[in-house]
Amino acid sequence: DVQLVESGGGSVQAGGSLRLSCAASGYTDGSYCTGWFRQAPGKEREGVAWIDSDGSTSVADSVKSRFAISQDNANTLYLQMDSLKSEDTAMYYCAAADPVGDCDSASEYNYWGQGTQVTVS
């Protein structure tokens, strides 16, 4: 099974930047999605950014032009967050899905990290 461990969260002032990292292990050949989701108290978990099975990247409209997702050859997934706003405050989770369905849907993901807290003030 895939194991995911997030890091890089913390507190930052509005307008600042953070980069989240997710160390992944246990991947096998095949079709899969990787992505970042976030959840604030009282709100549903929402997709933030993801990479689909063909390697294309997407970001949610709510963070477009501010966030970017990438993945390196060391099996580390990144979320670069710039121009942070207070409404970005949430627990951020990295996730992976195999087999692949819709990469923007949390229900398609079967592997999850424990989350890292991002607080913007």
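Visitor: Hi! Is S65 buried or exposed?
Guide: S65 counts as exposed, because its relative accessibility is 78%. Here buried means under 20% relative accessible area, exposed over 50%, and partly exposed in between, with a 1.4 Å probe and protein chains only.

Visitor: Good to know. What sort of model is this?
Guide: It is a predicted model, where local features need pLDDT of at least 70 and side-chain atom pairs count only at pLDDT 80 or more, while totals for chains, interfaces and linings use all residues. Residues are numbered from 1 along each chain as its sequence is written, and side-chain values use heavy atoms, leaving out hydrogens and water.

Visitor: Back to S65, then. Where is it?
Guide: S65 sits in the loop between β6 (57-59) and β7 (67-71). Strands are DSSP runs of E with at least two residues, numbered from the N terminus.

Visitor: And what is phi of S65 near?
Guide: Phi of S65 is near 75°, a positive value in a residue other than glycine. Most residues other than glycine have a negative phi. S83 also has a positive phi, near 50°.

Visitor: Where is S83 found?
Guide: S83 is in the loop between β8 (76-81) and β9 (90-97). With 41% relative accessibility, S83 counts as partly exposed.

Visitor: What does R66 touch?
Guide: Leaving out residues up to four places away in sequence, R66 touches Q80, M81, D82, S83, L84, K85 and D88. Contact means heavy atoms within 4.5 Å. R66 lies in the loop between β6 and β7 and counts as buried, because its relative accessibility is 11%.

Visitor: How about the sheet: in what order do the four strands come?
Guide: The order is β1-β3-β8-β7, in an open sheet with antiparallel pairing. The edge strands, β1 (3-7) and β7, each pair on one side only. Two strands pair if DSSP finds at least two bridges between them.

Visitor: How many bridges join β3 to β8?
Guide: Six bridges join β3 (residues 18-25) to β8, and these strands run antiparallel. One of the residues involved is L18, whose bridge partner in β8 is M81.

Visitor: New topic: which strand holds Y93?
Guide: Y93 lies in β9, and at 14% relative accessibility it counts as buried. Beyond its neighbours within four places in sequence, Y93 has contacts including E6, W36, F37, R45 and W112.

Visitor: How far apart are Y93 and S65 in space?
Guide: They are 20 Å apart, C-alpha to C-alpha, and 28 residues apart in sequence.
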